[in-house]
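Please look over the sequence and the structure shown below before reading on.

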Amino acid sequence: DYDTIEIFRWQSKLTKAELIKAADEFEKMLRKYNGEHIDIISVSMGGSITQEVLMKNKNIRVHQILYIGAIHNGVHEFKNIKNAINVYSPVDKIFFYANDFYEGLGNAFLKGKNVINIALNGIAHDKWCRNLAINEKFLKHKRLYDLYRDLLLRD
């Protein structure tokens, strides 16, 4: 239901310098849409890149951000984002290790009044971008892509 969809792809080493370079490129892309309705889906290290841009640039306003197994600084409270949704899995070991390594211990959950944290059991890191069936009682008969769509459309 979006007029424009852009995919920001990057491939590089997972060094701080490369992440900052990626953040600069992503910032340029977001600036093209400044003042428009922006929803962002950040997967894995994309969360760290997205957060770097939004912490540094308070004038970039985002309607919603959907973190999917995404690395992020859980302490940061977003002032320029209307809603933030953090979908993660307790069995996603890469998520927890990378969060601890890149952002510091205990950053699995986002904090703030405009934040929703959703834990889905049984989803490994390499499964987030597959349309798997969700095995949660409160989400029976739903697939991952349906959940992502519903979360973005809920507002």
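## Strand pairing in the sheet

In strand β4, the bridge partner of Tyr 88 is Ala 119; here helices (H or I, at least four residues) and strands (E, at least two) are DSSP runs, numbered from the N terminus. The model is a predicted one, in which local features need pLDDT of at least 70 and side-chain atom pairs count only at pLDDT 80 or more, while totals for chains, interfaces and linings use all residues. Residues are numbered from 1 along each chain as its sequence is written, and side-chain values use heavy atoms, with hydrogens and water left out.

β3 and β4 pair in the parallel sense over five bridges, where two strands are said to pair if DSSP finds at least two bridges between them. Strand β3 (residues 81-88) also pairs with β2 in the parallel sense, over six bridges; in β3, Ala 84 is the bridge partner of Ile 65, and Val 87 is that of Ile 68.

## Sheet order and burial

Together the four strands make an open sheet in the order β1-β2-β3-β4, with parallel pairing. β1 and β4 (115-119) stand at the edges, each with a single partner strand, so one side of each is left without a neighbour in the sheet. Neighbouring strands of this sheet are turned by 15° against each other on average, direction ignored; axes are lines fitted to C-alpha atoms, for helices over the stretch in contact, and angles run from 0 to 180 degrees between N-to-C directions.

Strand β2 (residues 62-68) is mostly covered, with seven of its seven residues buried, and β3 is mostly covered as well, with seven of its eight residues buried. Buried means under 20% relative accessible area, exposed over 50%, and partly exposed in between (1.4 Å probe, protein chains only).

## Helices on the sheet

Which strands does helix α4 lie across? Helix α4 (residues 144-153) lies across β1, β2, β3 and β4, and runs at about 155° to β2.

Helix α2 is mostly covered, since eight of its eleven residues are buried; among them are Gly 46, Gly 47, Ile 49 and Val 53. Thr 50, which is found in helix α2, is buried with a relative accessible area of 3%. The side chain of Thr 50 makes a polar contact with the side chain of Ser 42 at 2.6 Å; a polar contact is a pair of N or O atoms within 3.5 Å, where within protein one must be able to donate a hydrogen and the other to accept it, and residues adjacent in sequence count only if both atoms are side-chain atoms. Not counting residues up to four places away in sequence, Thr 50 touches Phe 26, Ile 40, Ser 42 and Ile 65, contact meaning heavy atoms within 4.5 Å.

## Aromatic pairs

A search of the whole structure finds two aromatic pairs. Rings of Phe, Tyr and Trp (its six-membered ring) pair if their centres lie within 6.5 Å, and planes under 30 degrees apart count as stacked, over 60 as edge-to-face and the rest as tilted. Phe 8 and Phe 26 form a tilted pair, at 5.1 Å centre to centre and 45° between the planes. Phe 8 lies in the segment before α1 (16-31) and Phe 26 in helix α1, so the pair ties together parts that are 18 residues apart in sequence. Phe 8 counts as partly exposed at 23% relative accessibility, whereas Phe 26 counts as buried at 6%.

The rings of Tyr 145 and Tyr 148 have their centres 6.3 Å apart and their planes at 35°, so this pair is tilted. Tyr 145 and Tyr 148 are three residues apart in helix α4, and are therefore separated by about one helical turn. Tyr 145 is partly exposed, with a relative accessible area of 39%, whereas Tyr 148 is buried, with 8%.
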